[in-house]
Amino acid sequence: MTNKERFLELCSKVKREGIEDLVKWLEASDFFYAPASTRFHGSYAGGLLEHSLNVYDELVRLLAAYPEVQSSEETAIIITLFHDLCKVNMYGVEKRNRKDANGRWESYDAYTSDEKFHYGGHGSKSVFILQNYMKITAEEAVAINCHMSCWDGNNSVGAAYEQYPLAWLLHVADESATYIKEGKKNEG
């Protein structure tokens, strides 16, 4: 099964009004071939899709490790697969030059940030986009909004994590996917 097939299969488990329109929007966007970042984790075609699935896998693993944190499968799918909607249609490609192994200059394609819709924070933009398609719970909104923890300039996420422990688990799942699962790929 391809990553796209797996993603769509997971989306089919979401029974909320608006999911079909969200998936249509994603199909018309660069979501399935966009990078997850310009130079860090998932900085390759399809990186955003792969990262979203990795975060889902990590959250499922963490929910098993922390049975006291309850989440429906639908909520787990929503907060992981859509936590980075802010990155849809955000990246461009430009030509850059570098020296190859023999010291000769070569041209290569590099991802650049080409933000078209400036909204604010990483998480808040993802929540905004998602809410244009479907109704989400307060817990889901907080989890997505706070998934970057303090990296997004939000210095009061601790209270959000205390109120909604699932939000903390999403943050940990995102970090685990980024630095452990995907970090090993970036080394090779």
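Lys181 and Glu58 form a salt bridge, with their closest N and O atoms 3.8 Å apart; the term requires a side-chain nitrogen of Lys or Arg within 4 Å of a carboxyl oxygen of Asp or Glu. Because Lys181 belongs to helix α8 and Glu58 to helix α3 (residues 47–65), the pair ties together parts that are 123 residues apart in sequence. Helices here are DSSP runs of H or I with at least four residues, numbered from the N terminus. Glu58 is buried, at a relative accessible area of 6%, whereas Lys181, at 35%, is partly exposed. Buried means under 20% relative accessible area, exposed over 50%, and partly exposed in between (1.4 Å probe, protein chains only).

The model is predicted: local features need pLDDT of at least 70, side-chain atom pairs count only at pLDDT 80 or more, and totals for chains, interfaces and linings use all residues. Residues are numbered from 1 along each chain as its sequence is written, and side-chain values use heavy atoms, with hydrogens and water left out.

The count of salt bridges comes to 14. One of them joins the side chains of Glu140 and Arg16 at 2.6 Å, N to O. Glu140 lies in helix α6 (residues 138–145) and Arg16 in the loop between α1 (3–11) and α2 (19–28), so this pair ties together parts that are 124 residues apart in sequence. Both Glu140 and Arg16 are buried. Another salt bridge, between Asp114 and Lys116, has an N to O distance of 3.2 Å. Asp114 counts as partly exposed at 37% relative accessibility, and Lys116 as exposed at 57%. Through shared partners, salt bridges join Arg6, Asp57, Glu58, Arg61 and Lys181 into one network.

Next comes the largest pocket. A pocket is an open set of points on a 1 Å grid over the protein atoms alone, where a 1.4 Å probe fits and protein lies on both sides within 12 Å along at least five of seven lines; lining residues have an atom within 4 Å of a point. The largest pocket has a volume of about 470 Å³, taken as the space filled by probe spheres set on the points. Its lining consists of 24 residues, with Ser37, Phe40, His41, Lys87 and Met148 nearest the centre. Two or more lining residues come from each of α5 (122–131), α8 (165–181) and α9 (183–187). Helix α8 gives the largest share, 4 residues.

Helix α5 also holds Phe128, which counts as partly exposed at 31% relative accessibility.
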